[in-house]
Structures are given as structure tokens and as C-alpha cells.
2 protein chains.
Amino acid sequence: MMKWWGWGDINKTFPIEDKPNLWPWIKKTISISENNKITEPVKREEIILSPANINDDFLNSVKQFLKVEQISSSEDDRLLHSYGKSYADLFYVRKGVVKKSPDIVLYPSSHDEVENIIKYAHQFNVCVIPFGGGTNIVGGVDPRDQTVTEKGPRCVVSLDMRNMNKLISIDPQSQTAVIQAGALGPKLEKDLSDKGWALGHFPDSFEYSTLGGWLATRSAGMQSDAYGKIEDMLVSLKMVTPTGTIVTRTTPASSAGPDINRLIVGSEGILGVITEATMRIHKSPEVKDYRGYLFPNFEKGVEAIRECIDKNWLPSMIRFQDEGETQLAFNLKSPKKGIESIVQKQLKRILSVTGYSRPCIMVVGFEGDAKQVQIIANEATKILKKHRAFSLGKGIGKTWSKDKFNVPYLRDYIMDFGVMVDVAETAAVWSKLLNVHKKTIEEMNKYFKSHGDGSGYIGCHISHTYKTGACLYFTYAAKQIVGKEMEQYYGYKKLITDTFMKNGATLTHHHAVGYEHSPWMESEISQTGIKALKGVKNALDPKNILNPGKVFPVEEEMRLGVFGIDAPEVVNQSKSRIKKRSGQTSRNLHEDSIG
Amino acid sequence: MMKWWGWGDINKTFPIEDKPNLWPWIKKTISISENNKITEPVKREEIILSPANINDDFLNSVKQFLKVEQISSSEDDRLLHSYGKSYADLFYVRKGVVKKSPDIVLYPSSHDEVENIIKYAHQFNVCVIPFGGGTNIVGGVDPRDQTVTEKGPRCVVSLDMRNMNKLISIDPQSQTAVIQAGALGPKLEKDLSDKGWALGHFPDSFEYSTLGGWLATRSAGMQSDAYGKIEDMLVSLKMVTPTGTIVTRTTPASSAGPDINRLIVGSEGILGVITEATMRIHKSPEVKDYRGYLFPNFEKGVEAIRECIDKNWLPSMIRFQDEGETQLAFNLKSPKKGIESIVQKQLKRILSVTGYSRPCIMVVGFEGDAKQVQIIANEATKILKKHRAFSLGKGIGKTWSKDKFNVPYLRDYIMDFGVMVDVAETAAVWSKLLNVHKKTIEEMNKYFKSHGDGSGYIGCHISHTYKTGACLYFTYAAKQIVGKEMEQYYGYKKLITDTFMKNGATLTHHHAVGYEHSPWMESEISQTGIKALKGVKNALDPKNILNPGKVFPVEEEMRLGVFGIDAPEVVNQSKSRIKKRSGQTSRNLHEDSIG
């Protein structure tokens, strides 16, 4: 069960106890003076949703073929499906503000059931939001329909795909697997690895996100360097639309018109519901070899990566942290004891006198058969060392592997202390990359200085590399400006996204559009590009029942320049809630309410 | 200057003189008894086109910004733009039958000129067919508009992109180049290699096809194994549509909605005119190492390729010929002399007694830096040899490289002797590939036996390999059935394509759809997939001025089941032409008419 008020499993929190340096470092960096949690989530029972707006014709129709347990209008279910996991989503829901809930949550168990649900939704003009793991952080699953019919607002259904989670078949010769779209990352990899195979797609959200969600958002994972983004792994799929089902052909390649698979990947539920997909898989690697290196600065590490690409000796994974994020990484580490601690201190001293004054950590991974890994690792590390990579050994790789899916939990911890924390990612070609990085850090630091109390944190890592460029993944945080939290949040989002776009980077490399990125879509794909996509949308979903208010900029919001920002009363309402409940910890609140 | 009646340069023919075994082998295989050419092309002056149907409003508008030499309604220009290079195209044009000509040929020299041309075409309801090199073999450039307005049929413009052939810029850091869409293969590679770079896209049509054409048809080249299909090399592009210009962003990857690049690639001129593209390039390889091997049969070679994929030791290029095509290859070789000839005879004997009774040639290429090529070649050839690859040395690789772009000329030579010769290609996942190959050969051989004089040739090679499968490229030939040539041609096309589809292969791997493949589009991408594409088409080109009658099946033709087959009088008219001119050679005819 996922938290309604934060990231991940309700029984898990960020393991901060074994990282004694972390909290003091965060407090110093973001100027947090208190030790008290000040903005914990409200109790579950404080939240009262508006009554469900049920379309009886629709409900009676789906009751004909769905079981009782596949249909829910319970407040708990509706609440959990009201938001994704963006900072804005969490900010509101923690305050008990639910902007709009789905009226019904359905849990289909087969492709045919999805076809029938969509058929009736189309017939009775009911909105449907496909819901995978609900981890989207750009507003992709939030109900946003504003259509008002003769009978009032339309009924909104959240279509939770969790029951469609099976590995249907494996074709070992062709190295493909047919998988249902609702399969969560861990289940999917487990099912495959039981038979000696792997998909190899590990986004940060891996534990709680689904294949269908990955496809709908053009996701990238930690091993995309080796296996490609999700669209590169896709062979064929089925998608149910209000006017029919698209089935593409299982073929290694084709030239039969534009690639329909690629029209569906990234469509974020506005064109249809992906029910299953045939994916490229690979044999579970014989060897996994992860290593850490320290570079004297960001530029040197980028040079090293580029030479690996040039020479075509590429690790399966490269993750390269800039100076800011390296500081965070240093403080995320458990402290060394005894001899280890002395060695570490010596190391620090040596590095500081030899020009590693702005140290940057790179973790590289090599996977495959033993011999190949040996050859490639040998050649690649020669290149890294040429660019002054200082080996940190295999330990750091292991530390990183262990903690890699825990980082999203840290946000919940920090938000309790009244901190705004967000991420923004982009990609740029190599000739623009360093400039995008530099400008972004500069602009954000300027903004920190001129807003709030003047402090703030920004760090970045290269999370995926390509021949032509790489993905830059920024994390930033500042103290919340009380009463203006959303203006603050969108202020930062606007600044960082504008900086990406102005300097030639892309709007988003793997977080997709939702509604939070929609204002920049015209800059990204041009007005005529939007026209092309709207042509598809109108042809497949003429009543706009599927995930309305996403991907395309909403004109009214664009005109006002306030997309996503609610009227002042919403923020004020939130403020009043805070006052009621000071002093409690988020964990207590949460246990009280859910347990 | 290209031949109007056949393949390639007007001054080039297939070099048959140095291949003394070829013609006897062809004659035997297809049962050609005569040595006389019997179906040469008509003389140029025998062809009289219908008068150009000029839209004066449009013509006067484009005269405002185009120079005199950029506008032509000459018969020679119109004739050259009336057809692509499919067997059907050549069959008709050789008989002097021109089904429909463009009325005007325009030669734009800039993106802005294309924008203006399309603007006026949209305004005055004039059809536009983008024309790259004109090498399409599925009817992609043939005028097919059937719309009749109040003022009669619409004026049809062929938009010849040849003047837009510049390499605009290179970004060495990002390994990308911006290139105009009209650049022919050799010009483009020359411009790049002068600066130390390569695109590495070598379709069979390389010498006469353009970047824009490759993109519009999702082309694949001989080195696609290493560098990907053309869509994999594409970073961004500009496409002019009747309702605006699409400009995509130069970024290594993105998740900002569905990938617009991929919506444009494969659109075959029905959505817009591609004017320039940013392409991934790579450094000119230090080493090019091509080698030939002989496998005892087709299955063994496929096993070997699959193990290379499994182990991830992959050549840059694999071309693997089945038994039928290996026979052709043996006969394409110039004979060995002296010692070489004795060795070759011994070799044949040894192979036949050791189980190479159905020998199949594989050419593999390794490109890159010297060290890497050495390592990969070493590992890959170990795998090949494990599967009984018998080395033919590097000579065969060179022979093949030398002749690789000459094969299309052979068709013209053979057609002079009254032979139908065509190609069909597909792709299938590995688990289906051998069955697709076997069924296709069986079905076609059955058809040979039961039609015409019972003889015929079919051979196949694997031209591109992927992790999940490969492309099968068939070449087949049979004597023309006089008076029923088109029924015969479409009979074979229908049989072979139905066989592909029935056995799970794709409609086309790299030849695209045009009109000849359009009847199978619904089986390939589903009815709803077609609906999606029509949505884009209607949004971007509401008057259907761009390359009408392509990609989508034409309902009337589907109903009649006679797509592409003309009324009997057309064939009869063709027959009458033949009678008039027996005895001349095509080369003479051609020189007479063009020279």
C-alpha cells in the first residue's frame, strides 16, 4: 500500500539514523534552525472529499462485467488516486487540500475489461485517467477535467491497472517478453529473472511504477545507457482507445508508415490505455561490476565520458554527480570507523592539495559476460584515468546500489521541516551541456539569494548518456515561504525550465509533461507539432474523455500565466490547516490515520 | 542525369562482360531460350504526355519568388517525375505508357521557398509530391490524385529537392550534422568525409537517393546493424506542412509527449516536406575489415548470427545469403585464373564432401578503431567458426563492396529479355524468421511451377540484423506472361506479401508503403492505427494536397481487389507498342532519345 501523503510504502521512511552527517549538513545548507517538524501531513480523518459524482448509466454498465471488488468509490481509494507525487501534489495533500478527486476507481483485470470500460466511458461521456503506480511528478494522474455538460461536471474514473501485472510469455529466441501494462518494476523483474531474463529498466520510481506508466511517459532508467530508454525496448503493444484498439506488429523493425509504437509512447493516457506490451529483454548478466571514481571537477568528468563515447568503449551505466551533489553524496555515506576513517581523512587531504578542490563522483557500471566486461572495463577505465579519475573502489558502487531507491523518501522527511524540495531534469547535446549546467546553477543560485532567506541547495548529476549528449538531473531545495508556497514552487519551476529551453536543452528527458510542463510544449515541438498531436487526439478520443488537461497547454492557464497555481483561497485554506495541528510528527499522523 | 526508363545514371549499364557465367546461369534458371532482347524501352520521342494542367494562380504566385530555371513544364522533366523505379513503373514507362504526369516540376533552393510553395499550393488547391532521388520502388512518387474539383482535376506539382543538397553545419562535440533534405548519398558522405566524418547510411539506392527520401521512407542501409536505421540517426528536423512548419528540438532524447520526429519519419510526403535534418554522425572509421564466410546451410548461419547477438560480439555489418542467392553470387564473380582457379575447384570438391551441399555466403564487416575491430572481429569470428563458417578470406568482401551498388542495373538488363524481376523485403523476429524464409521460398516456387512456363528464380539474404530478429530481402524473377504482365506482377506481390503477413513478418522493413503496399496497412498497424494517422493527416493537410493516394489504402481499389492494376486497355495499348519496335536495343533507343 502506498502513502496517500508521500512517497512509497506506508511502512517505509528514509533511513536517516545511519547517516549522522546528513541532517546537520542539510540544516546548514538550507538554513534550517529548528529541529522541530513544522509542516506534517494532516490526519487522514481530517480530509473530507466532495461527494462522488457518479454517472449511473456508466456504473451500471461496468457492473455487468466487473466484480464488486473491482469497483470502488471509497474515500481512501479516491484520495490515493487524487494526486501523483509531485511536490505540488504532496504539498496540497499534506495540508488536506484535495483539488479534485476521481469519483470512481476501477481495477480491470484483462484487456477485454479495459475495452469494455472505455467503450462505456465513451458512450456515457465519462472521463478516464489511466493510473499505473501513481508516481508521476508532473501532475500526470491528477484529475483536471473542466468540461461541464448539461448534467453538470463529468464523472471521472481512475483506471488502476495494478491487477494487470502478469508476464504473459517469453520468446527466448527473439529475446522478447509479453507483459501486462500494470506490472510494477520489482514484480516484472522478478518474474523475468526467475526464468533467467531481465528487462533492465530502473527509473528512480522503479519500486512503485509500472510498465504501462513507463511507456506512457517515455521513461528512462539507470541502465538506459546500455539498454535504451523504454521506447527503445518496445517491440509492439496494445492500446485501447475510445474509437477502437490499436495493435502493433511484433517485428524487429519496419517501414510501414510512421511508427505507431512511438506515437503511443509518451502519450500519457490522452490517446488510450496501454494494456500490454512486447518488450526486448536480455539474459541476466553474468557479471555486474560497479565502481566509483572521483574527478577533480565536472568538466573533466564530462571530457572523460565524451572520450569513452568517441572511442566506443562505453560502460553499461554512468552516473556522474557535480560538485553540489557530490557534497550530498559524501554526507549520505555512513561514517567509516577506525583505520578506514584515518585512510579517508588522508585521502581528503591528498585530494585537496592535488587539485580535487571541486570533487565530483562518478559511478560506472559494467554488465554482461565476464570476458566482455573485463575488456570494456579495462579500456573504459584507462580513458577515465587519463582524465584524472581517482578510483574510489567498488564500495561506493555498492553503497549507491543499496540506497538508489531510497532517495525519494528523503523528500517526505525534509518537507516535514518546511522545506520545498524538487527535481528538474533535461537533456542537451554535448556542445551545449556544460553551458546548460552552468547557467542553471547560476540562475538558481541567484534566485535563492533574492528570495526567502537567501539560502538554498542545488546539485546535479548526469543520469543517462548518449552519443550526442546527456541527461542533466537537478535536485534543489529551499525553505518554504509560508503562505506563498505554490508561487515559490512555480517560480523555481519556471526559472529552471526557462533556463533549459533558452539554452537549447529539452523540456524534459524522462519525467514527461503532465500539466506542469505543458506550458512549454509549444517551444519544444512547435505549434504545428501540437496541431499534429491534437489531430491524433481528436481522431481517437473525439469527446476528450481520456486524461483531459494533460500534455497540451490549457489556453486559459497560458493566458493568465498561472498554470497550476490555484486561487489565493486554496493556499489560505491550507495555511489554516497547518495552524490546527502543530507539534505532531508525520509518522504518528500517518499511523493514526491509515493503520 | 537519371534514366527515365530504368535505373540510375544514363551513362551506366550493368557490367555483365566480366561475368561470363552470369548470363548462361540466368538463362538456364529462368528458361530464357533466346539471346535477343525482346522488350526494350520505346524511344523517347514516341512518348507524348497529356498537356500540362496548369493552375495559373499558383504558377503566377510561385513565379514571384522562384527563378525561371526553378520552374519547368518540359516533357522531359515531367516524364522523369512521372514514375519511381518499381517494376510496375519501369514496365509501363518502357512501353511508353505514362499513367499520370506531374504538370509542373519545381526545384526549390531553400526552406523558405518550400514554405512559400506549400502555402500557395494549399491556397490554390494544388497537389504536391515531394521528390528526392525518385528511386522509390513501391509507387511513392507516382502522381495518383483522383480529386476532381469544379474546375476539373487538380494541378499536380513534383517538388524536386535536388538543389537543397548542402551540408549546413557540423557539431563535432555532439557528433551531429545539419544537412539539407535533397542531398544525395554520395554528395552527403563526401561532404562529411572531407571533414573526417561519416553518416554511414548505405541503402542499395545510395547513389541516387536523398536524405529526405530516406527519412520519408524509414530507410535502412547496409550498415544499419551498427548505426541504426535512418530514424535512429535522426536528431531533429524541419518539415513544411500546408498548415505550418514543424521544427523539432535538437536534443539527445526527450519525454515531451510522443516523439514528433518518429511521426514524420515514414510519412512519405503525405504530411509535409522535410527540408533539413540534424543527423547523428560518427568519425570516419580507422579500419574497415570485410570478410567472407561460407556456411553449410542457411540455418547454421542464422544460428551463428544469433549467438553473436547473444554474446554481444557483433560485426558492424552482416549480410547473409541463402542458397538461392549464393548461387547468384557465385555466378556474379569474375572467374579465377591459373592457380586460383585450381584452388577454387579443390575448394568446391572439399566443401561438397564435407556437408556444404547447400552453401550460403556471409559477408561480415567490422569498422571502428583498430584495436576494437581486432577484439570484436576475433570474438565474433570464433563464434562464426563454431557454427562451421568456412573462411573465404577478405577478397569476397571487396568484390561485394565493389559491386554492391551495381545490382539494380541488372534489372534493366534482364527486363530487355522479357523477364519480370522484383524484390520484396520484410523483417521477422528470430523465432519466426526461418519459417518465414522457408514458407516464402516454398510458396513462390509453387507459384512459379503453376504459372507461365513453370520456371522462376527466388533467392534471399539477411540484410540487417537486430537483437530481436532480422530483415529478409528476397529477389525473384520469372519470364513475363505477355499480355498479362501486371496481373502476373501483382499476383507475385500479393502472394509474397500475404505470406509475410500470414507468418508474422512485417509488411516492409525498408521499402515503405507508397501505394503498392497500402492494401496491407490495416493488417500491419490495425484499423485504429490508420485512424490515428489519418487524424494527423487531416490536421496538417486538410485538403489532401500532399502526395495523395499513398500510405493509406484507397477504398475503391480495396473493394475491387485490383489495386494498381489498370484497365485491360492500358495493357493492350502497351502490347501494341511492343510490336512497333522489335529488334532495337535499349541502349540504342535510349541514346537516340536522350543524347
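Two strands count as paired if DSSP finds at least two bridges between them. I note at the outset that the model is predicted.

**Entry 1: the sheet of chain B**

With that criterion I looked up an open sheet of 7 strands in chain B, whose order is E17-E14-E16-E15-E19-E20-E18 with antiparallel pairing. I recorded strand E17 (390–393) and strand E18 (419–429) of chain B as the edge strands, since each pairs on one side only. From one strand to the next, the twist averages 20 degrees.

I then followed the contact between strand E14 (residues 287–295) of chain B and E17(B): 3 bridges join these strands, which run antiparallel. Within E17(B), Phe390(B) is the bridge partner of Leu294(B).

**Entry 2: aromatic pairs**

I noted 40 aromatic pairs over all chains. One of them joins Phe206(A) and Phe405(A), with 5.2 Å centre to centre and 25 degrees between the planes. Stacked pairs have planes under 30 degrees apart, and this pair is stacked.

I located Phe206(A) in the loop between strand E9 (197–198) and helix H7 (211–216) of chain A, and Phe405(A) in the loop between helix H15 (395–403) and helix H16 (407–415) of chain A, so the pair ties together parts that are 199 residues apart in sequence.

In chain B I examined Trp25(B) and Tyr457(B), whose ring centres are 5.5 Å apart and whose planes stand at 75 degrees, so the pair is edge-to-face. This pair links distant parts of the chain, 432 residues apart: Trp25(B) belongs to helix H1 (residues 22–29) and Tyr457(B) to strand E19 (residues 457–465) of chain B. Strand E19 also has a place in the sheet of Entry 1. Both Trp25(B) and Tyr457(B) are buried.

I also recorded one aromatic cluster in chain A, formed by Tyr87(A), Phe91(A), Tyr92(A), Tyr489(A) and Tyr490(A).

**Entry 3: charges over rings**

I looked up two lysines. Lys19(A) lies over the face of Phe14(A), 5.0 Å from the ring centre. In chain B, the charged end of Lys534(B) sits over the ring of Phe552(B), at 5.4 Å from its centre.

Conventions:
Residues are numbered from 1 along each chain as its sequence is written. Chains are lettered from A and ligands numbered from 1 in the order in which they are written. This is a predicted model: local features need pLDDT of at least 70, side-chain atom pairs count only at pLDDT 80 or more; totals for chains, interfaces and linings use all residues. Side-chain values use heavy atoms; hydrogens and water are left out. Rings of Phe, Tyr and Trp (its six-membered ring) pair if their centres lie within 6.5 Å; planes under 30 degrees apart count as stacked, over 60 as edge-to-face and the rest as tilted. Helices (H or I, at least four residues) and strands (E, at least two) are DSSP runs, numbered from the N terminus. Buried means under 20% relative accessible area, exposed over 50%, partly exposed in between (1.4 Å probe, protein chains only). A charge sits over a ring if NZ of Lys or CZ of Arg is within 6 Å of the ring centre and within 35 degrees of the ring normal. Axes are lines fitted to C-alpha atoms, for helices over the stretch in contact, and angles run from 0 to 180 degrees between N-to-C directions.
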